[in-house]
Amino acid sequence: MPQSPRRSLLFVPGAEPRRIEKSMDAGADMIIFDLEDSVSPEKKDMARKLVIEALHQNFGQTELAVRINAAGTPFHEEDIALMVQAGCKTLMIPKSHSIESLEKISQLISHFEQNEATTRFLALIETPLGVLNVSQLCMSSKRIDVLCFGHADFCMEMGLTHMDASSGVVFHARCQIALTAKAYQKTAIDNVCLAVKDESAFRKDVEIGMNLGYEGKLCIHPSQVKIANEVFTPTAEQIEYAQQVLAGWQDAQAHGAGVFSLNNKMIDAPVVAAQERILDRAKQSGLL
């Protein structure tokens, strides 16, 4: 697991200096400065300059990343050159769907890196082809640390008239990405929720993602950050139970037993491993 939590990843438009400044106090585990969808073509150059300035500011413990423009656009290669030279260590790669595309991006990055392969990828899976190829992407690119699901573009390419990520083929894709992330030991980050002013809907969507195995949530408004952090942070009751399980397991092991009973439930190695992850998340969140 990463040393710091990735419960909330907040998109911040790169061309809006006030929102960049306000993001310092948003409480997000990661800020993703956006050069893509939220920036109009005529503002791309300005956005790059503002983002480069932001990358050199003090955001405390918050991780910083940049979403570049997709391969095939006229802004793609210059985004990579400028961001890597500015010292950005984490790039979100939109439309991650082919091995060849990621290899070309990796080769281009290599020209500007001071140290070999230090730039890491947040692979944004947002096309049907990306969902089908996600396992191959994980096997082929050593730079991928995180798999993110972009359900809005996925719905558009599927020709859907809704953007409900809790049902149908969208939910299937959401599950597939979480499964693949776990299989290849990547961090799984859940899709955005477009209900910006509906906190209960956002909380429900975060909980659905957590129950699928996602470890964090893409956020498009600062108000969503607090909820994502709360849902993905273990409660005091969960921490206490996990500690009881670990203590019981240590005692069982000392007596040569492979299982034991706690609160009338059988506890074995897989249960213990799950509780260890809860304690790991608690440590990451600064609770232990």
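This is a predicted model: local features need pLDDT of at least 70, side-chain atom pairs count only at pLDDT 80 or more; totals for chains, interfaces and linings use all residues.

Modeller: Residues are numbered from 1 along each chain as its sequence is written, and side-chain values use heavy atoms, with hydrogens and water left out.

Colleague: Why is Cys88 called buried?

Modeller: Buried means under 20% relative accessible area, exposed means over 50%, and partly exposed lies in between, with a 1.4 Å probe and protein chains only. Cys88 has 3% relative accessibility, and therefore counts as buried.

Colleague: How do you know that the structure has zero disulfides?

Modeller: A disulfide is a pair of cysteine sulfur atoms within 2.5 Å, and a search of the whole structure finds zero of them. For Cys88, the nearest cysteine sulfur is that of Cys148, 14 Å away, and Cys88 is in no disulfide. Cys193 is in no disulfide either, the nearest cysteine sulfur being that of Cys219 at 9.6 Å.

Colleague: And is Cys193 buried or exposed?

Modeller: Cys193 has a relative accessible area of 9%, so the residue is buried.

Colleague: What makes the radius of gyration of the protein agree with that of a compact globule?

Modeller: The radius is taken over C-alpha atoms, and the globule rule is 2.2 Å times the number of residues to the power 0.38. For 288 residues a compact globule would have a radius near 19 Å, and the protein has 20 Å, so the two agree. Along the principal axes, the C-alpha atoms fill a box of roughly 65 × 45 × 40 Å, and 49% of the 288 residues count as buried.

Colleague: Which residues of helix H6 are called buried, and what covers them?

Modeller: Helices (H or I, at least four residues) and strands (E, at least two) are DSSP runs, numbered from the N terminus. In H6, residues 151–158, the buried ones are His151, Asp153, Phe154 and Cys155, and their cover includes helix H5 (128–140), strand S6 (144–149) and helix H7 (168–183). Just after H6, Gly159 takes a positive phi of about 75°.

Colleague: What do the buried residues of helix H9 pack against?

Modeller: With contact meaning heavy atoms within 4.5 Å, the buried residues of H9 pack against strand S1 (8–13), helix H8 (199–212), strand S8 (216–219) and helix H11 (269–284). H9 spans residues 222–231, and its buried residues include Gln224, Val225 and Ile227.
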